Amino acid sequence: MRSLISIADLTNDEIEEIFSLADSAQELRADRPANGQIMATLFYEPSTRTRLSFESAMQRLGGTVISCSDMKSSSAAKGESLADTAKVVSAYADVLVVRHNWDGAVQAMAEHADVPVINAGDGGHEHPTQTLCDLYTLRQEKGQLKGLTVVVCGDLKNGRTIHSLVFALARFGANVVTLAANGMDLPQYVIERLEREFDYASAPMAADDLNAVVTETDALYLTPKQPHQLALFTQVDQVIQARLSTMAAGLRYDAFYMTRKQKERMKEGAAKGSYPTIGPAFLREQRFRDTVVMHPLPRVDELSPELDKDRRGVYFKQAAFGVPVRMALLKFLFDRRAAKGVKRTRNTRAYESPEAHGPQCRNVNCVSTNEPASTRRRFELFFVDEIGALILACAYCDYRFKVQFIGHVPTKRYAAYDHSFVETLQGWLKTNQLAIFDSIKEAEELGYEPFKSGLQRILMDQAAIENALAEMSREILRDCRDADRLLILGVRRVGSQLAQRIAAEIEAQRKRKVEIGEIEIYGSGDELRRMAPAEPDAAPLSLKDREVILVDDVIHTGRTVKSALSIIFRSGRPRSVRLAVLVDRGHREVPVKPNYVGKNIPSSEKERVRVRLRGFEQAAQDQVVIYTIIAPVAGAPLPDVREENTTVS
Ligand code: CP
């Protein structure tokens, strides 16, 4: 039985097969392959196109449709779970088409249904059948998908159609230019997947010639990596960045894919501010004479009405293709009723905690957070070499987060994760001995004790840390060209604590407030957050023309800083970025040189350096400590030397 939850559930060949079926929709209509079949449409969110085109498609295939006119009038209103609804309606219908406001809700229902389930949009996560319509439209208009350049524009953060679309475009070898409204950038996890799974490179590009059409936004160019390209484009990869920018300058834009602001998924106040639009200037620009304009609809006011009459405005055609494409999809799934579900091809490993308690998805809109009874704590797990991190991706919503604490099940020992554990954990994973915890409390409640570490030395005490931060703050102020444009941006979490202290020093010296932000290296969105001023209705953090001071506690391999730089340069065009770290350990794997250093502490790979700050993780005073954990042996716990509470470097 095949369901369609994510665009990743279909191979490229299968998508082509669906398109061939859509090309012969008239024949399908005559054949009536769904004769005697029933479709149930369960829409927990409003819809015009998806719902009606699915219902029309089913009827044109000879089938019938049952539905709840409003899910608020279904037993969901009495508290019936998604799992029970899926089970019950499976007995009434041969296929379920579901739209829900929670990310991953359709996946959860598919796990409990006995018939195929189709995702008609789940929260801000995915909308795979819209993507099929989008690709079909592009193919009709442009002949092929490979090598096209598609500009995705507007609310790229909350637009589920965008997330499915960019993955599909990448799979077919298209280039993507992102033009996000301020604060509505493509989530980091989407870019990270493009880079890791599809071998894409990304670089900021001058949006100058796009500004004729869309203003007040920065552009990002995503393209399949060429063999000579290395990795992400950051300040330290200037040669490559320049090369990619040159490539971007000569781009031919094949399509603009516009989206509306997804107000229903935004916090109150966040929907304010300007939003890009495509207006009459677009129609006059010579270089856009063959650029089609697409939109999943509904539109609000992103598209000028003049576009409706222009051959390049193809969004009504795109909506009309919903019927043949969905007829084709239904036929495709009915033909595979006896087939097994497909495993999505990702270079990851499934993870479910061997312990009664395990990690929890951090996405507040995930079905697993909102209705745990209908889900399992299922994740995909992978290592990210660039930052030495162990990442869990929620199997329902794709939200990613870094593993903080790991445990060894047979010995009931736990430790804070760091990249020196990588090889050991591979062994524990194979034998299902890896426990993952969100907190020390959770580990200790399950009877776990900390791993033991070697002797610890204090390298900086409170006075030394205060002096170092004061000196760094003076240097930052001395070097900046315009102190009013300073933005102190800390790497979450210790880096952001230090950023606040540096900002406080600068404020004391200048007698003026300084803006502070926080950067999250691994997150599903909101990678950049304002910390101060912290008014709830303040505009999203803007990096444009800012003098950014990136603050972290310890620089070792340089990989964290490199990732932070990538996020910064993707998110805007700062005037400058300088790096401030409390401790420089040397031995870097990537050439990132801090501008401001509190203390140089040359240390070996075996040694761990930890910055403890008072008022944070129960530390009574500020300290920088160095200690060792004896090198872990694959499959075995770490030997005892001396008890220590937590171990983080
Ligand atoms: N494009 C789309 O999903 O439209 P509806 O919300 O009207 O279904």
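The model is predicted, and the protein averages a pLDDT of 85, with 85% of the residues at 70 or above; pLDDT is the predictor's confidence in each residue, from 0 to 100. Residues are numbered from 1 along each chain as its sequence is written. Local features need pLDDT of at least 70 and side-chain atom pairs 80 or more, while totals for chains, interfaces and linings use all residues, and side-chain values use heavy atoms, without hydrogens or water.

Let us turn to the sheet. Four strands make an open, parallel sheet in the order β2-β1-β3-β4. Because β2 (64-67) and β4 (117-122) are at the edges with a single partner strand each, one side of each has no neighbour in the sheet. From one strand to the next, the twist averages 20 degrees. Strands here are DSSP runs of E, at least two residues, and helices runs of H or I, at least four, numbered from the N terminus; two strands pair if DSSP finds at least two bridges between them. β1 (residues 38-43) and β3 (residues 95-100) pair over five bridges, and A40 stands opposite L96 in β3.

The largest nonpolar core has 64 residues, of which L132, L135, V152 and L330 touch the most other members. Its largest share, nine residues, comes from α12. Such a core is a set of buried Ala, Val, Leu, Ile, Met, Phe, Trp, Tyr and Cys residues joined through side-chain atoms within 4.5 Å, where buried means under 20% relative accessible area (1.4 Å probe, protein chains only).

Methods:
Axes fitted to C-alpha atoms, helices over the stretch in contact; angles between N-to-C directions. Buried < 20%, exposed > 50% of the residue type's maximum accessible area, 1.4 Å probe, protein only.
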